[in-house]
Amino acid sequence: LCRPVLTVRTEAIEAGRVFVAETDRILGFVSLDQNENEAEIALLFVEPDVIQSGVGRILFATAEDQARAMGAGTLVTDPDPNALGFYLRMGMVPDGEGPSGVIPGRMLPHVRKALQ
């Protein structure tokens, strides 16, 4: 059920809005979308065996830098509730919630960060 929501879109790759952390293998990636003055982290994934190694922090910083370069004043995302703590540590603040694109009736937190 979640495949369509969790698939990196070809358009994002072609537009240069997908960034990959890699060594001899892919460690994680982040994908951005832009809506007016907001950039959205559409996807941010880190391989489980490198969680808490700094890869997520680097990918988030890359997303911030790229969002600024795109002219966005705000960075937003609707993370899985299990990842909410990470986004709060990155300086994002809660801003309501929105419906899951996969599970009917499930709500996801919505977070945002002003970019300066």
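Visitor: Which element gives the largest share of the lining of the largest pocket?

Guide: That's strand 3, with 7 residues. Bear in mind that we're looking at a predicted model.

Visitor: What makes a residue count as lining?

Guide: It needs an atom within 4 Å of a pocket point. The lining of the largest pocket comes to 43 residues. Leu44, Phe45, Asp80, Ala83 and Tyr87 are the ones nearest the pocket's centre. Strand 2, strand 3, helix 2 and helix 3 each put in at least two residues.

Visitor: How much space lies in the largest pocket, and what is its lining like by class?

Guide: The space is about 1,100 Å³. As for the lining, 24 residues are nonpolar, 11 polar and 8 charged.

Visitor: On to the rings. How many aromatic pairs does the structure hold?

Guide: There are 4 aromatic pairs.

Visitor: Why is the pair of Phe29 and Phe45 called what it is?

Guide: Take the distance first: the ring centres are 5.6 Å apart, and pairing requires them to lie within 6.5 Å. Then the angle: the planes sit at 40°, while stacked means under 30 degrees and edge-to-face over 60.

Visitor: What does the pair of Phe29 and Phe45 tie together?

Guide: Phe29 belongs to strand 2 (residues 26-35) and Phe45 to strand 3 (residues 38-46), so the pair ties together parts 16 residues apart in sequence.

Visitor: Is Phe45 buried, partly exposed or exposed, and how do you know?

Guide: Its relative accessible area is 35%. Buried would need under 20% and exposed over 50%, so Phe45 comes out as partly exposed.

Visitor: And what makes the pair of Phe60 and Tyr87 the kind that it is?

Guide: Here the centres are 6.3 Å apart, with the planes at 70°. The distance is within the 6.5 Å limit and the angle is over 60 degrees, so this pair is edge-to-face. Phe60 lies in helix 2 (residues 55-69) and Tyr87 in helix 3 (residues 84-89), so the parts tied together are 27 residues apart in sequence. Both Phe60 and Tyr87 are buried. Ring pairs also link Phe60, Phe86 and Tyr87 into a cluster.

Visitor: Where does Gly16 lie, and how accessible is Gly16?

Guide: Gly16 is in the loop between helix 1 (10-14) and strand 1 (18-22). At 40% relative accessible area, Gly16 falls between 20% and 50%, so Gly16 is partly exposed.

Visitor: Last one, on the whole protein. What are its elements, and how do you know how compact the protein is?

Guide: There are 3 helices and 6 strands, running α-β-β-β-α-β-α-β-β from the N terminus. The C-alpha trace spans about 40 × 35 × 30 Å along its principal axes, and 36% of the 116 residues are buried.

Note on methods:
Residues numbered from 1 in each chain as written. Predicted model: local features only at pLDDT ≥ 70, side-chain atom pairs only at ≥ 80, totals over all residues. Heavy atoms only, no water. Phe/Tyr/Trp six-rings, centres within 6.5 Å; stacked < 30°, edge-to-face > 60°. Helix = DSSP H or I, 4+ residues; strand = E, 2+ residues; numbered from the N terminus. Buried < 20%, exposed > 50% of the residue type's maximum accessible area, 1.4 Å probe, protein only. 1 Å grid on protein atoms, 1.4 Å probe; cavity = no way out; pocket = protein on both sides within 12 Å on 5 of 7 lines; lining within 4 Å. Points joined across faces, edges and corners; volume = space filled by probe spheres on them. Nonpolar A, V, L, I, M, F, W, Y, C, P; charged D, E, K, R; others polar.
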